[in-house]
Amino acid sequence: MTAVSDARLLEVRDLSRRFGGGRTLFGVKKPQLTAVGALSLDLQKGETLGIVGESGCGKSTLARLLVGLDRPSAGTIRLDGEDLAAAGRRAVAAKVQYVFQDPVSSLNPRHTIRAILEAPMRHLLGLGKAERARRLDQLIEDVNLRPEFLERYPHEFSGGQAQRIGIARALAADPDVVVLDEPVSALDVSVQAQVLNLLERLKRERGLTYVFISHDLAVVESVSTRVAVMYFGALVETAPARAIFAAPRHPYTRLLIDSAQIPGRQRAPKSGGSGELPDPYNPPPGCAFAPRCSRAEEICGEAMPGLEARSGDSQHHVACFNPIPLAAHS
Amino acid sequence: MTSAAAAAVTAESQPRRERPSTLALLLNNRLAAAGLVVLGLVVGAALAAPILPLADPNATDPAHRLAPLFAPAHLLGTDALGRDILSRLIWGTRVSLAVGVSASLIAAVVGSAIGLVAGYAGGRSDQILMRLIDLLMAFPYILLALAIVAILGPGLINALYAIAIVNVPFFARNIRGITVGLARREFIDAARLSGKGPLRILWSEILPNVLPTIVITLSTTVGWMILETAGLSFLGLGAQPPQADLGSMLGDGRKVMFTAPTISLVPGLMIFLIVISINLIGDGIRDALDPRLRSGALARPSFRTAIAEPLDRPTAPLDAAATLDVKGLRTDFRMGPEIYHACGGVDLTIAPGQCLGLVGESGSGKSVTAMSLMGLVPSPPGIVTGGTIGFRGEDLATAKNERIRTLRGSAIAHVFQDPLATLHPLFCVGDQIVEAIRAHQPLSRSEAEGKAEELLTLVRIPNPAERMRALPHELSGGLRQRVSIAMALANDPELIIADEPTTALDVTVQADILRLLDTLRHDRKLAVLFITHDFGVVSEIADRVAVMYAGKIVETGPTTAVLADPAHPYTRMLIDCVPVMGEPERRLDAVRGRPPAVNQLPAGCSFAARCPRVEPDCSTGEIVLDEKRNGLQARCLHPLEPGETLA
Amino acid sequence: MTATVAKRLLTAIPVLFGLSIIVFLMIALIPGDPATAILGSYATPENVARLNASLGLDQSLPQQYLAWITGVLHGDFGRSYALNRPVIDIVLERFSATLLLAGASLLLATVFGLLAGIVSAVRQFGLADKVITLIVLIGISMPSFWLGLLLILFFAVKIRLFPASGMVAIYGGGGPLDILHHLVLPAVTLALVATGVIARLTRTAMLEVLRQDYIRTARAKGLTERRVVYRHAFKAALVSIIPVIGIQAGFVLGGAVYVETVFQWPGIGAMLVNAISQRDILLVQGGVLVVAAAYVLFNLLADICQTLLDPRLK
């Protein structure tokens, strides 16, 4: 790998993915849902970008778009300056790989671990038998599994072991970027740490770049260098991890952070609920969070705020007309 | 989680499980084995027909027509033309089997191929193929076969085609259904990301997973197809004279039915034997290949968890002042020869108005413990083998079924994890609450409806009157869980057992629900048993905490004390391995290894094998849960001192 | 609700259209000259020519279809050459007999199938379950044309309880009681397989539902076991049982072919078998179209019932 002067590895521009739409046979309009709407994002080489959001915010759709499992309705994704849509799935898969949320269902129950791990080496890299065997031994050792596991079937493994196999599968093609979609959510807490620590070490050893998607703020905070918060198909705030957790600017980020349960912390009971998500088939005009937002002003219900630096910090972007002032956090 | 609990117990606890082979399972099934023997004999005879010492099946002998059973030289008699029935029977079986099996194979191959392609390709191709299949299915089964025979003309081969075509839709639909499900599975995405093309995925990823279904469908339909081809011949539309299969023999015999009934009864009996033996084998194959049936998961859970006789009861008196006072509770799962001690002697006490957080990882037995209290652990395989369950001084373990039923939902209510699965999908939420109220209070329907609406208001559901008529799937996850809580409050309970009530919810919704539960329990002086795996949730709501590991409570005490300075190394490790917001720099200490299987628990401390502080004495004898320091009890011989960390 | 029903009704239109095309193509697909096939090899050349003209076989296929379907919609299915009567008359006359037989069988099968299935599920692994399972297994393995013979030999010949054939007694019969008397054996014969299938599926569906989380919730609410099984579980199971009843309607309509032949019931099935043997293609065409259309409509009804029961299916 050559040293890249421009550290930007992945460039996402105005990416949209809509589901449904069109008309039925009788000309009736089918309902349309925008899972990801005109989203732009850069991924720097060597960083871990954490993407946080609640269910239905479009984070998994974004992940599938990034690895080429789904095609965007509009917009572009460039990897090292090359358009992914033009490159074809195999070319993308050789550089961007994916780790699934449910480790067990991401492994074919009728294949041995060897067959599962060899597939990317064969079909993406075209490696010969001897080379594959050599790499397999290394790979299985890298994820702390024993070589004899190669001949076994997925049902023989626990969730944590299966997820390590899933990670090995993603790394088998030697990618530059790994998109991790809730990689520890399905695991028991005592196993989560094993996997998180393993991911950290692999990143260091192999010079990987991660996109780490999760609903768990504590996990995202512990692994990410930079964090993006998603709400209703759009990014509402991006900033270096420390900054965003210390001083969130978007009211939704604030709500997320306040909602998290922290061991040893008992909150003073707050009255009232935090509101419901808007109907995705009938989105509100303007900022999607405005109906739930205590800081909403008139303009919030009319126009969509852009994601931009709204204070001195050029790294901290927020899509809000009335962001929480920095002074509020000191 | 009813059966998932049981499944989790088994799945987690067996490091390497060999599956018994399909053939072994089939032979273990007595009925299937019997079917196999009968079919084997019939097929054997049919195959051996040319070398068996049989009369010419078509040689007529008018002098000996309509000979009875056991006539000399004609064991099964002769037909109206004096032909030997035994010989015709065996030769006819040969024809029937050949035609039926060929039709089945054609239908299986063509139908499965259509199903695979339609299911995997999706979109337009799927729509077109399936509309065509639907069209074939729009004809009543045999009618389509008749139409095809009408076009092609009567004859055995035409009947074969007709039956095959008619059965194509069964395979196509079945296989398509499975394929669509598989195509959405993550391992198919994984294969795409491994660079496999569509054909390779279809062949190497999907087909191996679909094959058992094809075999099951084939084995359950081949008998039917043999029967139907015989039926066409019976009607005179299949085999044409002089060729005979079982159906045409039966049809011929019918003409002399009143004078010589055996001529028609014998071939009919043969068809019946073939079809029933194939059906027996088919059922056996289905049971052997369908893992869900194999694990016995289809067993029906009974009204109440089975209670062992005699029950191992501790002698200590029950604390009548406590809302809940559980002593020595043991619940086993009995699956085949294995006994899983899912809950292995648990003591719990909850004072009125108190909230106890029961914390543990999956498979620790926390849910089984909670569900055992009111007998909601599925039986089979669950069985309560020991303990007393004191509720205000009354022992529920020995209470009558009717007493348990009147307590359920009134004095003791439950809130479960996933409200979409735990609310009935076909009743509107208002009805479900009304039903809960009227099960315990003599109210009229309209009074109960008024009360239900009040409850919805109490749990802060907007527009309660309107939401009464909503079905569960029309509500968001948060609203659904509020409905569950409203239902639990319907009869002013004293104790709520909440099994991971916020785990399936988003963080912001989770915070709302926790806040609601906390407010309600303080306002109404409710005692709560709160099951969770999350220490963050516990500190939000619980007064006291009990930590479970491998079916036992390993530590218990006031929430703040347990969280700040646990005495048991497992609690310490469980706290340390979870990232905490605001402490991103803290190193996460992973717990080595896995919990022991609860059907093979080690002597002494179950955590010893994973514990950094283990000493030789940890692996011997029974270690008791005793007081270590101010209110903190732990099941540990070498507990941590306050402030002490693990090396 | 009205909108849902209307929507389902609309979906039946393309199915009926497709059905009519397939039935129409029956003639075109016949190998050789259809007119000769229909009239038989003894037909005079004039008759063949006349039939060719009346079938419009000299026109293009779409034109032929248009002419044919226009006729069908006006009740003109052509003439049966074997019986020398309009097809529609014969078909309607025969179909009412089949409808009676198939309807009675389906009713029997549904009632007894549901009962047996529920009992089997509630008493899982008990004696009742084992006995029912055995009967069901025998039922679905039994060729109905053979069962019919057995029943005739026993009930009609041996103990002379029910008549062996026909729909009404030849002398002095014809009242509803007489028809009922004749209906018993064929209806039971025809119902057996369908009862077995419905019982089996009901058992599986009930067992599947009884292990769902919402059944645990119902129990946790303190409901009686009777209410849990018959209200909560049965309603949910019914959603998957209804389509099976719809499919069984097809098996019963089709199986009527055998039973009508065995019992000489004057229904459409027996008529079809004769018509096929006599190559009376227009009669076959008319019969198949009417029965298939009835089956489509019945399944539509089942579909609507299912949607009303489970609004999630909308």
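Biologist: How many residue pairs are in polar contact between domain 1 of chain C and domain 2 of chain C?

Modeller: This is a predicted model, in which local features need pLDDT of at least 70, side-chain atom pairs count only at pLDDT 80 or more, and totals for chains, interfaces and linings use all residues. Residues are numbered from 1 along each chain as its sequence is written, chains are lettered from A and ligands numbered from 1 in the order written, and side-chain values use heavy atoms, leaving out hydrogens and water. A polar contact is a pair of N or O atoms within 3.5 Å; within protein, one must be able to donate a hydrogen and the other to accept it, and residues adjacent in sequence count only if both atoms are side-chain atoms. With both residues at pLDDT 80 or more, the count is 2 residue pairs.

Biologist: Which element gives the largest share of the domain 1 side that touches domain 2 in chain C?

Modeller: Helices here are DSSP runs (H or I, at least four residues), numbered from the N terminus. Two or more residues each come from α1 (2-29), α2 (34-39) and α4 (61-73) of chain C. The largest share, 14 residues, belongs to α1(C).

Biologist: And which residue forms a salt bridge with C:Arg8?

Modeller: A salt bridge puts a side-chain nitrogen of Lys or Arg within 4 Å of a carboxyl oxygen of Asp or Glu. The two domains of chain C share 1 salt bridge. With closest N and O atoms 3.0 Å apart, the partner of C:Arg8 is C:Asp303.

Biologist: What separates the centres of the two domains?

Modeller: An automatic or database assignment sets the bounds, giving domain 1 (2-73) and domain 2 (87-313) of chain C. Taken over C-alpha atoms, the centres are separated by 31 Å.
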